[in-house]
Amino acid sequence: MSSTTDTTDTNATTGTSTVITNIASLVTNDPSLGDRSPLGLIQDAALVIDGDRIAWTGDSRKAPATDNRVDAGGRAVIPGFVDSHSHLVFAGDRTQEFNARMSGRSYTAGGIRTTVAATRAASDEDLERNLTRYLREALRQGTTTFETKSGYGLTVEDEARALRIAAAHTDEVTYLGAHIVPPDHADDPAAYVALVTGEMLDACAPYARWIDVFCEKGAFDGDQARAILTAGKAKGLHPRIHANQLSYGPGVQLAVELDAASADHCTHLTDADVDALACGNTVATLLPGAEFSTRAQWPNARRLLDAGVTVALSTDCNPGSSFTSSVPFCVALAVRDMGMTPDEALWSATAGGARALRRTDIGALTPGAHADLAFLDAPSHVHLAYRPGVPLVSEVWRRGVPVT
């Protein structure tokens, strides 16, 4: 199904305000609305867009007059997905590595070096072409906000150009010079940490909002991660951390200590880690595409949610361990294998992602929020998990304008 304009209107995107009516179910993510659940679900709903913002939501029969009218055709409408963790500035792929891993070889952090070599060799034009390809792919699947990182250059010049390219396409840019210690510094990791916290940071900070570190065996230990994130904070970048993906470690505790916006992966957690997340402001961002693509242990979302931890869902789109740009796929995985309900998974992929970016203007369809939304060829958001693999996102609006 596709939206159609009322016969009294000639163009659903002209004028200053538009009402979308005949919405089977509308997810607002505002618990003061609709059924008063965390999703703020309104049945037989309408919403009004004024410019690039949501101006009104409610019963379709009570919709106010506007310049334009769009009939949703009985489809569900949800907030656009907020993909708060991706690695999209890269060249090449790792098909052979994936094929070998699916034949029995386990994933380790070392595979990143293959992408580093390809990325360093690529031109700016090649990197941007690749980035925009995956952004279009994600947009078709309902992603209206995304974060992306550097981390495949690992030289001053290559990290800075990755962030410059990314910053042309999103405000949510993360400096990840501390992805791994590159081969040219393998014998002196301390010198690489000094580079990441010094000259490289100086070159990259103007393009980034966030700083990240892969705190893991084979990458950076707790002391190195603390030094890197502290240096970033001193430059005005806010921390986020790749934490506890492959093994138990200090990453989650460090994230909470430094008030990181998110601790990402959170697969191997102690009770103390869960308690720290529940008591702090750090969002636990779960990335089920990585576990799917590496046959690793699933994160226990149920444990986190029952403890009161704020959870986000994201794709971790990257060429090595999670080569998917599909948030709907990750929603289905989270429901099937991580103990989440369909409501919790959708909230985490929208409002949860917004919290992981410390944003209040996205991830919800409530007055004042950006008019970022997706239509589903289904009467309910539950179909995202109920019908896995089916391309249910039929239309996407960003900032009040249809874009697919």
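**Entry 1: ground rules**

I am working with a predicted model, where local features need pLDDT of at least 70, side-chain atom pairs count only at pLDDT 80 or more, and totals for chains, interfaces and linings use all residues. Residues are numbered from 1 along each chain as its sequence is written, and side-chain values use heavy atoms, with hydrogens and water left out. For naming, I note that helices (H or I, at least four residues) and strands (E, at least two) are DSSP runs, numbered from the N terminus.

**Entry 2: helix H9**

I began with helix H9, residues 271–279. Which of its residues are buried? I found Asp273, Val274, Ala276 and Leu277. Here buried means under 20% relative accessible area, exposed over 50%, and partly exposed in between, with a 1.4 Å probe and protein chains only. Looking down the axis of H9, I see the buried residues within an arc of 160°, so they line one face of the helix. That arc is taken over the directions from the helix axis to the C-beta atoms. A reminder to myself: an α-helix has 3.6 residues a turn, so residues three or four places apart point the same way.

On the face turned away from the buried side of H9, I noted the exposed residues Asp271 and Cys279. Then I looked for what covers the buried residues: the cover includes helix H8 (251–257), strand E14 (262–265), strand E15 (283–286) and helix H11 (301–306). Contact means heavy atoms within 4.5 Å.

In H2, the buried residues are Ile112, Thr115, Val116 and Thr119. They fall within an arc of 105° seen down the axis, so they line one face of H2. Their cover includes H3, H4 and strand E11 (210–215).

Next I looked at serine 123, in the loop between helix H2 (112–121) and H3. Is serine 123 buried or partly exposed? With 27% relative accessibility, serine 123 counts as partly exposed.

**Entry 3: H3 against H4**

Helix H3 (residues 124–140) packs on helix H4 (residues 156–167) at an angle of about 45°, and their axes are 10 Å apart. Axes are lines fitted to C-alpha atoms, for helices over the stretch in contact, and angles run from 0 to 180 degrees between N-to-C directions. This makes H3 oblique to H4.

The crossing of H3 and H4 is right-handed. A crossing is right-handed if the near helix is turned clockwise from the far one by less than a right angle, and left-handed if anticlockwise. From H3, Asp124, Leu127, Glu128 and Leu131 meet Arg161, Arg164, Ile165 and Ala166 of H4. By class, I noted 4 nonpolar, no polar and 4 charged residues in the contact of H3 with H4. Ala, Val, Leu, Ile, Met, Phe, Trp, Tyr, Cys and Pro count as nonpolar, Asp, Glu, Lys and Arg as charged, and the others, Gly among them, as polar.

**Entry 4: H5 against H7**

How do helix H5 (residues 189–197) and helix H7 (residues 222–234) pack? I read an angle of about 15°, with axes 9 Å apart. That makes H5 roughly parallel to H7. The contact is made by Pro189, Val193, Val196 and Thr197 of H5 with Gln224, Ala227, Ile228 and Ala231 of H7. The classes for H5 with H7 are 6 nonpolar, 2 polar and no charged residues.

**Entry 5: H12, H13 and alanine 334**

H12 and helix H13 (residues 342–356) pack at an angle of about 140°, with axes 9 Å apart. They are therefore oblique to each other. Val327, Val331, Ala334 and Val335 in H12 meet Pro342, Ala345 and Ala349 in H13. This contact of H12 with H13 has 7 nonpolar, no polar and no charged residues.

I then picked out alanine 334, in helix H12 (residues 327–337). Alanine 334 is buried, at 0% relative accessibility. Leaving aside neighbours within four places in sequence, alanine 334 is in contact with Leu313, Gly339, Met340 and Ala345.

**Entry 6: a positive phi**

Most residues other than glycine have a negative phi. Leucine 154, not a glycine, has a positive phi of about 60°. I found leucine 154 in the loop between strand E9 (148–149) and H4, buried with a relative accessible area of 1%.

Notes
Parallel < 35°, antiparallel > 145°, perpendicular 65-115°, else oblique.
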